[in-house]
Amino acid sequence: MSDTIFGKIISGDIPSEFLYEDEYCIAINDINPQAPVHVLVIPKQGIPRLVDAGADDQALLGHLMLVAGNIAREQGVGDAFRLVVNNGAGAGQTVFHLHLHVIGGAEFAEGRMAG
Ligand code: AMP
């Protein structure tokens, strides 16, 4: 567990509605959505950044991808969504507990979200 806001959400110290939970991860709505669907898939294990993951985390990382796909389907954006991992402050990471952004429900243009 990490001492970040996501660590506290996972431990229940900060109440949050889970869209999904299993042994390895949770999914929650992003508090500041960038699109109609903006869900965060967060491993329970507090890996700070993607580059901090190692070979031992291979199965977990694969699991997070599968969960992200399932969430996208369930949220109705299975045919058009973007999966984003910000790695490091220079790339816009603000919470140093690995998480996948599942973003969809808006038009994509030129590799960026439009509108
Ligand atoms: P990143 O910039 O990749 O580290 O993403 C962190 C994300 O967490 C941002 O999109 C925030 O809007 C989101 N966020 C921060 N606090 C919360 C919270 N309490 N519940 C849900 N999402 C949050």
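Select Val84 first: at 22% relative accessibility, Val84 counts as partly exposed, a class that lies between buried (under 20% relative accessible area) and exposed (over 50%), computed with a 1.4 Å probe on protein chains only. Val84 lies in strand 4; strands (E, at least two residues) and helices (H or I, at least four) are DSSP runs, numbered from the N terminus. The structure is a predicted model, in which local features need pLDDT of at least 70 and side-chain atom pairs count only at pLDDT 80 or more, while totals for chains, interfaces and linings use all residues. Residues are numbered from 1 along each chain as its sequence is written, and side-chain values use heavy atoms, with hydrogens and water left out.

**Around Val84**

Val84 and Leu100 are 16 residues apart in sequence, and their C-alpha atoms are 5.7 Å apart in space. In strand 5, the residue that stands opposite Val84 is His101.

**The sheet**

Next, display the strands as a cartoon. Strand 4 and strand 5 pair in the antiparallel sense over four bridges; two strands pair if DSSP finds at least two bridges between them. In what order do the five strands of the open sheet lie? The order is 1-2-3-5-4, with antiparallel pairing. Strand 1 and strand 4 (81–84) are the edge strands, each pairing on one side only.

Move to strand 1 (residues 20–21), which runs antiparallel to strand 2 and is joined to it by two bridges. A hairpin of three residues connects strand 1 to strand 2. Select Glu21 and Ile26 together: Glu21 stands opposite Ile26 in strand 2.

Now select strand 2 itself. Four of the five residues of strand 2 (residues 25–29) are buried, so this strand is largely enclosed by the rest of the structure. On the way to strand 3 (residues 37–43), look for the five bridges that join the two antiparallel strands. Ala27 stands opposite Val41 in strand 3.

Select His63, whose place is in helix 2 (residues 58–74). Is His63 buried or partly exposed? His63 is partly exposed, with a relative accessible area of 22%. Not counting residues up to four places away in sequence, His63 touches Asp22, Tyr24 and Cys25. The C-alpha atoms of His63 and Cys25 are separated by 8.7 Å, although the two residues are 38 residues apart along the chain. The side chains of His63 and Asp22 make a polar contact (2.6 Å). A polar contact is a pair of N or O atoms within 3.5 Å; within protein, one must be able to donate a hydrogen and the other to accept it, and residues adjacent in sequence count only if both atoms are side-chain atoms.

**Before helix 1**

Turn to Thr4, in the segment before helix 1. Thr4 is buried, with a relative accessible area of 16%.

Methods: Contact = heavy atoms within 4.5 Å.
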